[in-house]
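Work through the exercises below with the sequence and the model open. Try each task before reading its solution.

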Amino acid sequence: MRKRLWALLVLCAALALAASQKKLPKPGWNLFSKQQDVELGREYARQVERKMTVVTDKELTDYVTRVGMRLVRQGQLDDYPYYFKVVQDDSINAFALPGGPMYVHTGLIKAVENEAQLAGVLAHELSHVVLRHGTHQATKSEFLQLGAILMGGAGSNGGLAGALAKIGIGLGANSYLLSFSRGMESEADLLGAYTMAKAGYNPIELARFFEKLEAQGSNQNSLVARFLSDHPSPGNRIQGIEDQLPYMPRGPYNAQAGDLKQAQEIVAQLAPVKKRDTGGGAGQAIPQQPPSTASAPVQMPRIELSGRLKTYLGGDFSFAYPEEWEVSNGADQSLIISNQMGKVGEAVGYGIMVYLVPAQAGHVQLRDDTAAYLKQLTKSSPNVKTESEPSDLTVGGAPALLTRFSSDSPYQEQRETDVVLTVDRGASMLVFIFVSPSAQFQDLEQSFKKVSQSVRFPG
Ligand code: ZN
């Protein structure tokens, strides 16, 4: 009797232990093959490297690669063609593309206090790759359209990335591929922490660094806004990881892939990037409208819209747009919704541009942030004239402001009307810019209104 009771107690204790130990997460349902993740990541890597400044310093790249590959090998992460590059951008960020390419901002290298924190961010990002969160999200939201694309040999024209752009999937603001749900964040924390422990880094540093960023993001630092909007906090990260420590490989956690101080010195001595579109974060999300005289004159086309709309589904917002137009990814993580004739060189002659702009002071002050944004925007537009001051409205239940100005159109001898809609999304401002040659604005105004009324924020 006593013996059996003892056995029962042991069994109960074992069950209780098993219940509190989370199983390591596994990839979810996915229409993409692993090979398609890799293919897509390669295509996006080319886009990224056209827009961002990749640091060529070998010592710095080697250091980050050593930290990353230590995690991959010792953490026994699934086999993908991983590589690690440093991009020159002061915002505190790193991102991994499907199938392995990883980009680490110089701002992140500056901000970490020790190598384990750098390893923590890399391990978290690598976990998103291994768990295939990007293509899993795209699959869940767009499976009807994706089926046709993925089965139908999309490789021909513009590759897989080109085919996906047609249904609004890309690297823009709120991309399925780079911005994750809280559930996915928990998974990436858990697998990331486990990977760190296996590689000899103290997993608690992952949570410590993320919580430090969250604390900064909520008071005064727009340099972390993009990271925080892509990786929303799943709640108490430190507690979440501490709870799992007993089930992770034990220390000593004394891994050292190199000299972080040395890496930080290299970063500090990099020559500043020439003022250009670095595409790094939503922070520089100001569209550049070159003067209309820059290239051969383009005649204004006749813009025909049926009034029918189709839907763009982003991670954090959705909206409807004219069915004749397509969504593509612009610089600075923006979306451009237009068609071939709407694009005049680098400028947009008509269409809609969507940006996510981090708040200046951690939290959006709609009037102030809008004023600051418009100041920047109008600086880059030729011969600006304010048509109407900001007026209040509500978009998808959120406070918003509508402002209208005019400027020179990229079409020959035309003026254009620009309607700027700024929406308060807490840590950042969602910006829609509706562009039309002034001569046809009346025809397009109704469609623009429908678009702004269709904006929704799920959850
Ligand atoms: Zn994440």
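**Exercise 1. Classify Q117 as buried or exposed, then list what its side chain reaches**.

Step 1. Q117 has 2% relative accessibility, so it counts as buried. Buried means under 20% relative accessible area, exposed over 50%, and partly exposed in between, with a 1.4 Å probe and protein chains only.

Before going on, note the ground rules. This is a predicted model: local features need pLDDT of at least 70, side-chain atom pairs count only at pLDDT 80 or more, and totals for chains, interfaces and linings use all residues. Residues are numbered from 1 along each chain as its sequence is written, and side-chain values use heavy atoms, leaving out hydrogens and water.

Step 2. Q117 sits in helix α5 (residues 115-130). Helices (H or I, at least four residues) and strands (E, at least two) are DSSP runs, numbered from the N terminus.

Step 3. Find the polar partners. The Q117 side chain reaches the backbone nitrogen of E113 at 2.9 Å. It also makes a polar contact with the side chain of E205, at 3.0 Å. A polar contact is a pair of N or O atoms within 3.5 Å; within protein, one must be able to donate a hydrogen and the other to accept it, and residues adjacent in sequence count only if both atoms are side-chain atoms.

Step 4. Leaving aside residues up to four places away in sequence, Q117 touches V112, E205, R208 and F209. Contact means heavy atoms within 4.5 Å.

**Exercise 2. Which residues coordinate the zinc ion, and how are they spaced in sequence?**

Step 1. Name the donors. Donors are N, O and S atoms within 2.8 Å of the metal (3.2 Å for Na, K and Ca); water is not among the atoms, so sites may look incomplete.

Step 2. Write the spacing. The donor residues follow H-x3-H-x56-E-x45-H.

Step 3. Locate E185 and H231. E185 is in helix α8 (residues 182-199), while H231 is in the loop between α10 (225-230) and α11 (237-244). They are 46 residues apart and link distant parts of the chain.

Step 4. Check burial. E185 counts as buried because its relative accessibility is 0%. H231, at 2%, is buried too.

**Exercise 3. How many helices and strands does the protein chain have, and what share of its residues is buried?**

Step 1. Count 14 helices and 14 strands.

Step 2. Of the 459 residues, 53% are buried.
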